[in-house]
Amino acid sequence: MSSKPRIIVVGGGLAGLMTVIKVAERGCPVDLFSIVPVKRSHSVCAQGGINAAVNIMGENDSPEIHYYDTVKGGDFLAHQPLCRGMAYDAPSIIYLLDRMGVPFSRTSEGNLDFRRFGGTLHHRTAFAGASTGQQLLYALDEQVRRFEAQGLVTKHEGFEFLSPVLESPEGPCRGIVAMDLRTMKVQAFRADAVVMATGGPGLVYGRSTNSMINTGSAAAGCYRAGVRYANGEFIQIHPTAIPGEDKMRLMSESARGEGGRVWVPKKKGDTRPPAEIPESERWYFLEEKYPRFGNLVPRDIGAREIYHVCVDLGMGLDGEQKVYLDLTHKSREFLDRRLGAILEIYEQFVGDDPRTVPMKIFPAVHYSMGGLWVDYEPTADGMIDKSSPKNHMTNIPGLYAAGECEYQYHGANRLGANALLSCIYAGTLAGPSSVIFAENLDCLAADLDAGLYERSASKWEKRFEEIARMDGPENPHKLHRELGETMIANVTIVRENDKLRQTDQKIQELMERWKKIGVTDRSQWSNPEIPFVHQLWNMLELARVITLGALQRDESRGAHYKPEFPERDDANWLKSTIATWSPEGPVLTYEPVDISISEPVARHYD
Amino acid sequence: MRSEIVFRIRRQDGPQEPSYVQEFRLNYRPNLNIIACLQEIARHPVDASGKATSPPVWDCSCLEEVCGACTMLVNGVPRQSCSTLIDSLPSGPIELAPLTKFPVVRDLMVDRKPMFEALKQIHGWIPIDGTHDLGPGPRRPSDQARISYVFSRCMTCGCCMEACPNYDGKDPSQFIGPAPLGQTHYFNTNPIGAMNAGERLDAVMGRNGLTGCGNAQNCVEVCPKEIPLTDAIAQLNRQANRHWLTTLFGR
């Protein structure tokens, strides 16, 4: 029997890289799979910062308050011990990142600087200019490169994950099947534990703030193999983005954290340029309705208020779902120093200088609170037992998930600047847990019969041979666009049961039309269309999970809002949605939420 | 004002295949970037002569000029195709071609692996003692962190490597290129990284290192993040001289 277990990590964003570092630090070899060179992962897009109650600003902030803000922000749908564990570990995570060389912005005394973000009254968000995600990802990428140079980490970049290799339908997981996106060869790889860290499914909505790689296809591959998918209906709409024909570009919440004000003209259809509209004729609707939190209400509330003002009251700019985000009262020097990177993006793509002209912004699909179901081991005092192999394990033994692809931490709505933290914290749990699991196996994957791997790979080889031969009339990119338009129209800020039913019909229609796709590129070398056809099917599968989860949930909670059921209904709906794959579509069941630490209360920010 | 957008795209079916140019025509709309046009071609892959074809292959991910993936030559200039707006280009046909200093994978997609390998050569990391809790990191002056941040925005996009007359993609033993040198400077100016600056200086004082820079300044011209690469190289040169003398005469 070979002595050391091998771990496979799929995905090289913050969660994946932190997992790799934790595994490699224990001397365990890691195979790291990623669609793109890991330095180009979607974590680079995070802008505003990362939360930790370090309390450098002398506001009596504490991890306990951070924990409570998080579960309240999530409308009490998050399992509480993990949130608490995360909040308590956050300061040491920031210190670690600082030691790794992240160029965090500093105070005049040389301490870490912190700014405000939504859903809290404390300055709790550490940041590196306005491209914090990029800086954090690079720091972790550098540490992984160090292990790579030592020979402990082997990178497989340019691979599409297709499926876990399971010894039996119940597991354990013994490896993965993946496709080399250049040679188009499908291959099975052995591992003693697998950690999925493959990010969110933004592309299910066509245009979102997500990167083009965020199809959710890898998570869907696990779901199709029997992993439970939880709280799929909870999709975060970010209140402030810049629309483009190719994607929605994020305008960070930090713009409001640094003093940005949201407003519309008080007079409907006012066509004057914003500078000519006097203060008294501007409606700062968030500040008026939420005097305590103002422009920094949580994102679900912010997006809903913008929708209300623009759609219900018809007061959006140019008659659209568009409002001003105004930073023009701040000095140019201040803005360049603290928000430079995001203001450059706006300037580049819109052409106006946000330092002198208020930005015009839209809500956009941004983040999935839901994802693969994963477990955890709480301690008696409401923290996490870090020696347990259960932490971040899916319902399939040996198959783990960390980061946006799983459903923990954010409940029904994620607070800004908690994503980077949850990804890194998840990696600090999933890495050691997967190693502990692998070390306790009776037989390592290296010693297993090759037949299991040959069978797993050949099933997918056949699937791709079929896709490559498809010659029907439908174009996969056009089908994708239709899916996105339907999902954006019906499964975003406001959800109505009629429209959700129609949406599910539409998705099933698209699934039928998927079978009539004609592949326009038949090359067997670096052909992105063939994997895209595969990803599109997986997006359709997830779209049904999201839509049917929303249809079933007859209440309003966090990002899920139904005018027909406008109140949160704890008696009937304080429970996680669990979708299990079946050939006929998702089977939905429910399980209780761990509220062992804090009793849910009504959520107020006014 | 244009009524249509004409693309002349340099295509290549594989690394060993000959390249050719294919023309595509799109209806003009305002505020398009190059990616949105390529996406439209993928939805309707028909060339200018009306012949059905395969969609051109290109590399992209974030579309916000922060991941570095979508670099290509636009009218001969290396830049990010996501942040290149059609309205900012002259009204004639737009020429798209893959970078020339990296091996072509297919069409506009190239392999920038040499850049990531170079980051290994320069020991591009802070050698921390471990990820266990060791308390806060060193305090840093705000200005120093701000300068550091400028270098940390390098997204390994390859624009500077493409523009550098001394970087020869075919033979990396000639000159390592501007981006990895900028990163060497970045790590050497970090308070913890400075403790083993000598190691990194050794790595860039060899045959393909600092002496390969001819100071053409092309790199700073094309860097989408305006990273002062030549300043970094100048400072590295000074440190390298000092380092050479201290190693020669001992401390």
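Predicted model: local features only at pLDDT ≥ 70, side-chain atom pairs only at ≥ 80, totals over all residues.
In chain A, three strands form an open sheet in the order 7-8-9, and their pairing is antiparallel. Strand 7 (159-166) and strand 9 (186-190) of chain A stand at the edges, and because each has a single partner strand, one side of each is left without a neighbour in the sheet. Direction ignored, neighbouring strands of this sheet are turned against each other by 30 degrees on average. Strand 8 (residues 173-180) of chain A is joined to strand 9 of chain A by five bridges, the two strands running antiparallel; M179(A) stands opposite V186(A), the latter in strand 9 of chain A.

The loop between strand 7 and strand 8 of chain A contains P172(A), and the peptide bond that joins G171(A) and P172(A) is cis, with omega at about 0 degrees.

In chain B, positive phi values occur at two residues that are not glycine, namely L63(B), with a phi of about 60 degrees, and H123(B), with a phi near 55 degrees. L63(B) is placed in the loop between helix 1 (34-43) and strand 3 (71-74) of chain B, whereas H123(B) is found in the loop between helix 2 (113-121) and helix 3 (142-152) of chain B. The relative accessible area of L63(B) is 1%, and this residue is therefore buried, the cut-off for that class being under 20%. For H123(B), by contrast, the relative accessible area is 27%, so that this residue is partly exposed.

Conventions:
Residues numbered from 1 in each chain as written. Chains lettered and ligands numbered in written order. Heavy atoms only, no water. Pairing = 2+ DSSP bridges. Helix = DSSP H or I, 4+ residues; strand = E, 2+ residues; numbered from the N terminus. Axes fitted to C-alpha atoms, helices over the stretch in contact; angles between N-to-C directions. Buried < 20%, exposed > 50% of the residue type's maximum accessible area, 1.4 Å probe, protein only.
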